[in-house]
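Colleague: Please give me a close look at one part of this model, with the cut-offs stated as you go. After that, I would like to know what surrounds the ligand.

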Amino acid sequence: MSKFYITTPIYYVNARPHIGHAYTTIACDTVARRERMLGADTFFLTGTDEHGQKIERAAQAAGKTPLQYADEISAEFRALWKRMGISNDDFIRTTEDRHKKRVQELFRRIRDNGFIYKSTYTGQYCVSDELYVDGAQPGDPCPTCGRITETVHEENYFFKLSAFQDKLLELYANPDFIRPETRRNEVISFVRSGLRDLSISRSTFSWGIPVPDDPKHVIYVWLDALANYITAIGFGSSHAGAQEAFKKYWPADVHMIGKEIVRFHCVYWPAFLMAANLPLPKAIVAHGWLLFEESKMSKSRGNIVRTETILDVLGADALRYFLLREVVFGQDGSFSFDALVQRYNSDLANGLGNLASRTLTMINRYFKGEVPYPSHAASRRPADDAIAEQARKTIRDFGTFFDQFQFSRALEAAWALVAAVDKYIVENEPWALGEKLDEENRSRLATVLYTSAEALRIVTVLAHPVIPDATSKIWTQMGLGDIKKVDLKQLDWGQLRLGTKLGDVHPVFPRADKSAVERMQQMEEQQRVPAAEAVQGKPSQSDVNPAPAHVPASGGSGPATSADGKITIDDFAKVDLRVGVVKVAERVPKSDKLLRLEVDLGGEVRQVVAGIAEAYAPETLIGRKVVIVANLAPRKLRGLESNGMIVAASLEGGRPVLASFLEDVPPGARLK
Ligand code: ME8
């Protein structure tokens with residue numbers, strides 16, 4: 001029996017899961033399900049990445065210990081995957097003991113092989129990407145996310161990455177190692193331009209795995225995180241069972257990732273493995289980004305879509321099908337609720353769902369729910385053979401596309417068969433044949449319905465890894481038992497057994513009406529309930545997301561004013577005013593008034609959308625100290641989440657002048 005081992009990235013616990021995370025997880029789940037149907041002993045791993053400075057700071061900002069914080073968000077990922085029926089075989093957390101011990105073992109091996117030394121690092125670091133930015137100067141932005149890098153000066157352990165340049169280039173000679181080709185070319189040119197040794201420990205904070213024999217240092221979070229792919233399946237364990245599992249499943253067949261973490265997976269990871277004398281993964285497959293409102297969906301941009309909203313309204317299969325059919329794997333793709341509902345209705349409700357219900361209903365009506373015998377040669381027509389031929393070709397093409405991770409093309413081929421059978425049914429009018437009782441018409445009817453049902457069976461099997469829930473239901477309605485038991489390798493035309501008794505027939509994809517889009521948009525909006533305006537003055541109507549915003553009525557928990565309009569010192573103390581430093585400032589597309597700012601509040605970087613574009617050019621604000629109302633509930637402006645309000649005097653005509661300081665004040669300082 002062959003084996004197949006596939007992994008998702010392990011997700012950071014500083015953000016709740018959104019459909020960007022679901023995208024990778026769904027793609028891996030689909031591949032894992034197909035491999036199981038092909039008979040491979042499959043292991044599918046996902047999990048959460050819980051150490052490092054970014055998580056430590058996020059926990060601090062939330063007023064929790066890093067572990068409390070990680071426990072909560074990791075549990076959300078796990079619960080979401082469970083709700084979606086994701087078929088992962090394990091879920092690794094980097095804070096688990098099994099992981100920590102085995103990472104230390106990996107560190108030891110690399111050190112014992114002579115690839116680790118101690119030195120001093122002085123340079124720039126991006127906490128958001130947990131990335132050392134070679135060659136950057138203080139104040140330079142991170143090349144990946146654009147945030148201002150921080151200067152790090154500390155004694156660290158270094159990994160001799162430079163020793164692996166040639167070996168890595170040899171590795172990339174295999175065209176299947178990095179996919180798609182564009183990513184492979186980027187990596188090759190990065191490595192050709194020269195590799196510098198890499199700092200693999202930090203000593204100025206403690207939220208991480210201690211370096212063996214030198215616990216003042218914690219292991220660099222990317223070495224810690226990448227190692228999950230081997231620690232989860234037993235590397236470094238002394239238990240015989242775990243050692244067996246590691247021997248069986250490693251090396252991984254596929255590490256699937258988003259394109260922004262290619263360097264870590266294609267350069268650092270294979271170099272660490274080479275240094276530890278371990279086999280290398282067979283393929284790193286990088287997909288593009290899901291975009292929403294024109295930019296990458298991410299927590300820091302405030303433009304995420306929660307998976308739960310789609311599950312509540314349309315179900316997991318709808319999201320799975322949409323993401324894999326609509327987005328060309330490897331490229332960026334836009335998400336919109338309109339496109340989701342349109343695809344759902346056209347391909348699932350009117351496409352596969354309709355084919356299943358009309359075919360099975362007619363078998364019920366005309367053949368008492370038993371799959372009829374196709375007619376004898378005399379009443380066969382070329383159209384019947386054409387469907388059989390197309391179905392055989394679809395099985396081949398679907399497999400070829402799938403093996404190349406071209407999910408959208410594979411589904412396109414399968415749905416072309418759905419469309420062909422629909423046309424075949426319309427042209428052969430089984431309902432008209434069913435009205436006539438003579439033998440010739442009966443046998444023609446049998447052929448038409450057998451042909452339709454057999455094509456339906458084939459599409460159902462092929463689509464099962466993508467839409468497991470609906471296809472399991474169709475399978476049961478066809479009276480075929482458990483779809484998981486199908487041997488995909490043997491799939492061929494003509495295997496539908498005559499006389500198979502159908503189960504009860506129900507529609508599997510009820511049509512979504514127009515309100516589905518609105519309902520989903522509203523559900524997302526309600527997640528971002530504003531409590532007050534996030535910019536000076538009221539934003540113009542066009543700047544506010546058009547969905548109705550719920551503003552809580554005054555009173556309640558808000559500061560109570562006395563009859564003369566005065567508030568108490570306690571009321572004032574409820575407003576958390578902080579000093580911030582502007583790190584990023586840019587215009588909000590299609591808005592004259594708004595700027596998007598990233599403001600460092602001393603350990604936490606906030607996105608704030610402010611109505612000051614008419615008074616301040618974005619470049620003049622970088623590095624400037626500002627005052628932020630830090631405990632304002634988030635609100636969405638032009639699709640961007642604003643987390644706080646910038647304080648300014650409002651002059652005649654509403655012109656804002658930012659509050660500022662004469663003395664030097666550190667970011668994060670409180671005004672009171
Ligand atoms: O990078 N479009 O974790 P992360 C497509 N912990 N995919 C998206 C996406 C989007 N808009 N947003 C997120 C990390 N993803 C590290 C990984 S692995 C050893 C350590 C998906 O929480 C995509 O797979 O930032 C991306 O690579 C991953 O989530 C990043 O998740």
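Modeller: Strand 5 (residues 116-126) and strand 7 (residues 150-159) pair in the antiparallel sense over 10 bridges; strands are DSSP runs (E, at least two residues), numbered from the N terminus, and two strands pair if DSSP finds at least two bridges between them. This is a predicted model: local features need pLDDT of at least 70, side-chain atom pairs count only at pLDDT 80 or more, and totals for chains, interfaces and linings use all residues. Residues are numbered from 1 along each chain as its sequence is written, and side-chain values use heavy atoms, without hydrogens and water.

Within the pairing, isoleucine 116 has phenylalanine 159 of strand 7 as its bridge partner. Both strands belong to an open, antiparallel sheet of four strands in the order 6-5-7-9. Strand 6 (131-133) and strand 9 (198-199) are at its edges with a single partner strand each, so one side of each has no neighbour in the sheet.

In polar contacts (N or O pairs within 3.5 Å), a side-chain N or O atom of threonine 24 is 2.6 Å from a ligand oxygen, and one of aspartate 49 is 2.7 Å from a ligand nitrogen. The protein covers 94% of the 670 Å² of accessible area that the ligand has on its own, by the Shrake-Rupley method with a 1.4 Å probe.

Methods. Polar contact = N/O pair within 3.5 Å; in protein donor to acceptor, adjacent residues only side chain to side chain.
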